[in-house]
Amino acid sequence: MTSIVTALTAVAALVYTNQTLRLTEQGQYTDRSVKAVEQLGKQGPDQLYARLGGVNSLRLLMRDSPEEQLGVVKVLTAFIRSAAPRPPGGTCPGTEPAADVQGALDVLNSRDRDLIEPHGRPVIDLSGTCLRRADLSNADLRSAALTGADLSQATMRDADLSGANLRAALLRTTDLVRANLTEVYLRDADLTGVNLSDAALFKATLSDAKLDDAYLTGADLADVSLTRAYLAGANLLGADLRRSYLDEADLTGVDLRGADLTGAAHNSGTRVDGVITDENTFGTWW
């Protein structure tokens with residue numbers, strides 16, 4: 001009996017010690033989070049290094065405590081929205097994002113999406129932000145909210161934006177080579193001069209979007225909605241446009257050599273003046 005009591009006492013002591021340790025660790029994580037948020041809240045150019053310290057602290061917190069990732073993501077996205085807001089009806093600065101904003105973007109991309117988004121819920125909300133010339137190469141922005149964001153001249157090669165909402169976003173001359181834009185929502189977006197070469201846009205919505213002078217060579221545009229889209233002068237060399245929706249679309253001067261338009265929907269409002277085709281262009285109706 002004495003040995004059993006001793007064993008149970010030892011187990012109870014171990015459980016108590018583990019619980020105490022967890023509470024201590026949780027308290028430490030809370031303290032680190034509070035301090036990091038305080039650093040992020042310091043305003044002014046002279047406080048840049050303090051904000052960078054806050055960003056780095058949150059990066060380490062997310063690494064050390066996976067349970068804190070969701071909170072860290074919410075804090076960082078709120079920070080970016082407040083630090084780099086797009087002026088209503090105005091123009092974003094032509095410079096690249098400040099170091100603290102770019103740092104926050106980098107930390108967001110290091111999150112474990114499968115841990116904090118088990119049901120595919122969009123957590124990354126960067127709507128209405130100024131992210132011109134940001135480096136978002138290989139970024140994981142699946143299901144992100146980017147409505148009205150200015151991503152002009154950003155580098156987004158190989159980024160995953162599948163399911164993201166970019167309605168009315170600015171992506172002028174943005175580099176989206178090989179990006180995954182499957183089922184992305186780009187209605188009313190401005191993609192003038194964008195580079196979407198070899199990008200996947202399967203089932204994307206590009207209705208009323210501006211794509212003049214865009215590069216879409218080899219792009220997957222199957223089942224894409226391009227209703228009323230403006231594509232004048234765009235390069236769609238070898239693009240897959242099967243079953244796409246081209247009602248009222250303006251394809252004036254578009255290069256469609258080697259493109260496949262089999263089954264593409266069109267109407268009398270679809271403009272094809274000056275379209276360039278060759279013997280490898282399939283599905284033409286004009």
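Analyst: A residue counts as buried when its relative accessible area is under 20%, as exposed when that area is over 50%, and as partly exposed in between. The model is predicted, and the part examined here is helix H4, residues 99–109.

With that cut-off, the buried residues of H4 are Asp100, Val101, Gln102, Gly103, Ala104, Leu105, Val107 and Leu108. Eight of the eleven residues of H4 are therefore buried, and the helix is largely enclosed by the rest of the structure. In the chain, 42% of the 286 residues count as buried.

What surrounds the helix? The cover over the buried residues of H4 includes H2 and H3. These belong to a chain with five helices and zero strands, so the order of elements from the N terminus reads α-α-α-α-α.

Start with H3. Helix H3 covers residues 69–83, and its axis comes within 10 Å of the axis of H4. The two axes cross at roughly 150 degrees. Angles over 145 degrees count as roughly antiparallel, and H3 and H4 are therefore roughly antiparallel to each other. Their crossing is left-handed. On the H3 side, the residues in contact are Val73, Leu76, Thr77, Phe79, Ile80 and Ala83. On the H4 side they are Asp100, Val101, Ala104, Leu105, Val107 and Leu108. Sorted by class, the residues of this contact are ten nonpolar, one polar and one charged. Each of the H4 residues named here, from Asp100 to Leu108, is also among the buried residues of H4.

Next comes H2, residues 48–64. H2 and H4 pack at an angle of about 5 degrees, and their axes are 9 Å apart. An angle under 35 degrees counts as roughly parallel, which makes H2 roughly parallel to H4. From H2, the contact uses Leu48, Arg51, Leu52, Val55, Arg59 and Met62. From H4, it uses Ala99, Asp100, Gly103, Ala104 and Val107. The classes in the contact of H2 with H4 are seven nonpolar, one polar and three charged residues.

The axes of H2 and H3 come within 9 Å and cross at roughly 155 degrees. That makes H2 roughly antiparallel to H3, and the crossing is left-handed. Arg51, Leu58, Leu61 and Met62 of H2 make this contact with Gln69, Val72, Val75, Leu76 and Phe79 of H3. The residues of the contact of H2 with H3 divide into seven nonpolar, one polar and one charged.

Lys74 is located in helix H3, and Lys74 counts as exposed because its relative accessibility is 52%. The C-alpha atoms of Lys74 and Ile124 are 7.7 Å apart, although the two residues are 50 residues apart in sequence. For the chain as a whole, 21% of the contacts between residues at least 6 apart in sequence join residues at least 24 apart.

To put the pieces together: H4 is largely enclosed because eight of its eleven residues are buried, and its cover includes H2 and H3. H4 is roughly parallel to H2 and roughly antiparallel to H3.

How values were computed: Residues numbered from 1 in each chain as written. Predicted model: local features only at pLDDT ≥ 70, side-chain atom pairs only at ≥ 80, totals over all residues. Heavy atoms only, no water. Axes fitted to C-alpha atoms, helices over the stretch in contact; angles between N-to-C directions. Helix = DSSP H or I, 4+ residues; strand = E, 2+ residues; numbered from the N terminus. Parallel < 35°, antiparallel > 145°, perpendicular 65-115°, else oblique. Left-handed = near helix turned anticlockwise from the far one by under 90°. Contact = heavy atoms within 4.5 Å. Nonpolar A, V, L, I, M, F, W, Y, C, P; charged D, E, K, R; others polar. Buried < 20%, exposed > 50% of the residue type's maximum accessible area, 1.4 Å probe, protein only.
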